[in-house]
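Let's take a friendly tour of the charged pairs in this protein. Have the structure open as you read.

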Amino acid sequence: MYKVTLIPGDGIGPEVTSAMVKVVEASGADIDWEIVEAGEALIEKYNTAIPDYVIDSIKKNKIAIKGPITTPIGKGFKSVNVTLRQNLDLYVNLRPIKSFKGIKSRYEEVDLVIVRENTEDLYAGIEHKIGDYGAESIKLITKPACERVCKFAFEYAKDNNRQKVTGVHKANIMKLSDGLFLNTFKEVGEQYDINFDDLIVDAAAMNLVLNPENYDVMVMPNLYGDILSDLCSGLVGGLGIIPGANIGKDCAVFEAVHGSAPQIAGKNIANPTAIIQSAVMMLRYLGEYKCANKIESALEQVFLKGEKLTVDLGGNASTDEFTEEIIKYL
């Protein structure tokens, strides 16, 4: 049995994580869930959306899965995701982008992986005001952070029979910071028997829309990874189906990458695919490949049949009906 920290989140978080738990348990995986609360509702009591007991639980169990959590915009509260990544040194954000037959999208054969550096860049939060005139943010790029995320990308490519790794940057303009990332990427690439190339981030955005099938594993600094992973989700049906993992040396936190969608919370219409696919990633991380493959296969069959899809996928099924359809195929 595996002890896993479960953070339901807020908005639609409790609904989609409940669906995920049902699917994981139906797959036969033996998980003991330790449920801990985090989110906007806790700010008044703890002055933070992520109290210390959440971090403590993850450090103890080494693995967690979380639903979406709202971060108040422009109110001085740090993002829950950024807090988790920095406190637990979760230096890789991993987002597989894959087409499913049956899900309406403009592309049919997309199968790429975004590897995003997760702890620095502009997300380090080093910023200050310049009187009433302006504000300044500092873009922090360090060689150790570049090395470990690039090594992760190449190791991932090697372990998963991927053919190429592409480093994404803006070194033509930010010659020192992105130049350091690019040079480190090339140094790491020379250590592997895997094809690699590099691409300027704006060109990457265009080429991903024109020919996404040309890309395999893509590694990049924090900000570019945030933007391009959302762009790529649009190629295959939207954020509602994209899983994510935050991985460090000691801990891993798996998550749905979409927002908390409070406007549809409690209506039983949310799509739980992203958190279910994140659970598939989690099970593979734990070595539970049989259960992971069963869930992925069931999802493929549900999408292909197309009879019990949620509204965002073009159907009219409720969250519960969609979940039961997956369990039926399990």
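## Counting the pairs

There are 18 salt bridges here, where a salt bridge means a side-chain nitrogen of Lys or Arg within 4 Å of a carboxyl oxygen of Asp or Glu. Side chains of opposite charge can pair when their charged atoms come close.

Keep in mind that this is a predicted model, where local features need pLDDT of at least 70, side-chain atom pairs count only at pLDDT 80 or more, and totals for chains, interfaces and linings use all residues. Residues are numbered from 1 along each chain as its sequence is written, and side-chain values use heavy atoms, with hydrogens and water left out.

Lysine 60 and glutamate 34 form a salt bridge, 2.9 Å from N to O. This pair links distant parts of the chain, 26 residues apart: lysine 60 sits in helix H3 (residues 52-61) and glutamate 34 in strand S2 (residues 31-35). Helices (H or I, at least four residues) and strands (E, at least two) are DSSP runs, numbered from the N terminus.

Lysine 60 is exposed at 54% relative accessibility, while glutamate 34 is buried at 18%. Buried means under 20% relative accessible area, exposed over 50%, and partly exposed in between (1.4 Å probe, protein chains only).

## Within one helix

Now look at lysine 328, which has a salt bridge to glutamate 325, with the closest N and O atoms 3.3 Å apart. Both belong to helix H11 (residues 319-329), and because they are three residues apart, about one helical turn separates them. Lysine 328 is exposed (51%), but glutamate 325 is buried (7%).
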